[in-house]
Amino acid sequence: MTNGTSAELSTTKADHAYLRVKELILSGVLPPGSVIAQVTLARDIGISTTPLREALRRLKSEGLVALDAHRDARVAPLSAEEARDLLEMRRSLDPLAVALAAERRTRSDIAGMRAAAEGLSPLPGDPAYEQLVAHRRFHAALYGASHNDLLIGTLDGLWDKSDRYRRLALEVERGQAARDRKAGEHEALLEYVIAGDAYGAAAVMREHIDTSLGAQAARRLRAQADSARADFDQADFDRAGAERAGSEVDGIDV
């Protein structure tokens, strides 16, 4: 007698592969834009390539993996546009979530938030996956207390993408003052939500998002994009100038 059908076993392996590859992406082991060697990765995980490809399709739907027509897979690159989009969404939704949480939190919610806050500290320069998970657990406890399933699902979907941008921002070392400020904001968010102060919770969350690692990453990527565009425009201008100069030498009326 078997323990399950082939489909069930395949699904279990695909779920395992999904979680493992997602961890490798969010931890930075598979960096943005890198090629995913499917045969090697499947062997390392201990599965065949079939459930791995199923996991990669799932990660593609979440925007973490890019697949082409030849089944080649890459980790989705970071972009200034996505960083901006994530920041705009979170500026609106996170304050709403904690405001609702302040109005709707239960005793069970409060216990969960306090437990998630235990030992929480600002992310270091090269955070381990477990540290990212702890950071997410705290914020999830806050917005989970909103008891708005659509809002919770949306924020869950945004979080994984945002983690990759947090890691980018942490490549630039934060000072202790900035780390202390973030720790203070976490404490204030917890206090306001528990106290039932929707306005105070939303105000702190807006500040928290505007000075977040995601916001820093968005600014950094935008500056890089602007610089690259300026370099391209200058190169195009120089090339046009060289072509005009060449035409004048040849006596061609342009």
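The largest cavity of this predicted model is lined by 16 residues, and His-135, Arg-166, His-208, Ser-212 and Leu-213 are those that lie nearest its centre. Its volume is about 180 Å³, and the structure as a whole holds 3 cavities of 30 Å³ or more.

**Largest cavity**

- Five helices each supply at least two residues of the lining of the largest cavity: H6 (129-144), H7 (149-169), H8 (176-195), H9 (198-210) and H10 (213-249).
- The largest share of this lining comes from H7, with 3 residues.
- Sorted by class, the lining of the largest cavity comprises 7 polar, 5 nonpolar and 4 charged residues.

**Second largest cavity**

- The second largest cavity contains about 80 Å³ of space.
- Its lining consists of Ala-83, Leu-86, Leu-87, Arg-90, Ser-162, Tyr-165, Ile-209, Ser-212, Gly-214 and Ala-215.
- H4 (80-104), H7 and H10 each contribute at least two lining residues here, and H4 gives the most, with 4 residues.
- By class, the lining of the second largest cavity has 6 nonpolar, 3 polar and 1 charged residues.

- H6 has 16 residues and spans 21 Å from its first C-alpha to its last, close to the 22 Å expected at 1.5 Å a residue.
- The buried residues of H6 are Leu-132, His-135, Phe-138, His-139, Ala-141, Leu-142 and Tyr-143.
- An α-helix has 3.6 residues a turn, so residues three or four places apart point the same way.
- His-147 lies in the loop between H6 and H7, and its phi is near 55 degrees, a positive value in a residue other than glycine.
- His-147 counts as partly exposed because its relative accessibility is 43%, and the class runs between 20% and 50%.

**Charges over aromatic rings**

- The charged end of Arg-166 sits over the ring of Trp-159, 3.9 Å from the ring centre.
- A search of the whole structure for aromatic pairs, by contrast, finds 0.

- Read from the N terminus, the elements follow the order α-α-α-β-β-α-α-α-α-α-α-α.
- Ile-25 is located in helix H1 (residues 6-26).
- Ile-25 is buried because its relative accessible area is 3%, and a residue counts as buried when this value is under 20%.
- The C-alpha atoms of Ile-25 and Val-65 are 9.0 Å apart, although the two residues are separated by 40 residues along the chain.

Key:
Residues are numbered from 1 along each chain as its sequence is written. This is a predicted model: local features need pLDDT of at least 70, side-chain atom pairs count only at pLDDT 80 or more; totals for chains, interfaces and linings use all residues. Side-chain values use heavy atoms; hydrogens and water are left out. On a 1 Å grid over the protein atoms alone, a cavity is a set of points where a 1.4 Å probe fits but cannot get out, and a pocket is an open set with protein on both sides within 12 Å along at least five of seven lines; lining residues have an atom within 4 Å of a point. Grid points are joined across faces, edges and corners, and a volume is the space filled by probe spheres set on the points. Ala, Val, Leu, Ile, Met, Phe, Trp, Tyr, Cys and Pro count as nonpolar, Asp, Glu, Lys and Arg as charged, and the others, Gly among them, as polar. Buried means under 20% relative accessible area, exposed over 50%, partly exposed in between (1.4 Å probe, protein chains only). Rings of Phe, Tyr and Trp (its six-membered ring) pair if their centres lie within 6.5 Å; planes under 30 degrees apart count as stacked, over 60 as edge-to-face and the rest as tilted. A charge sits over a ring if NZ of Lys or CZ of Arg is within 6 Å of the ring centre and within 35 degrees of the ring normal. The expected span of a helix is 1.5 Å times one less than its number of residues.
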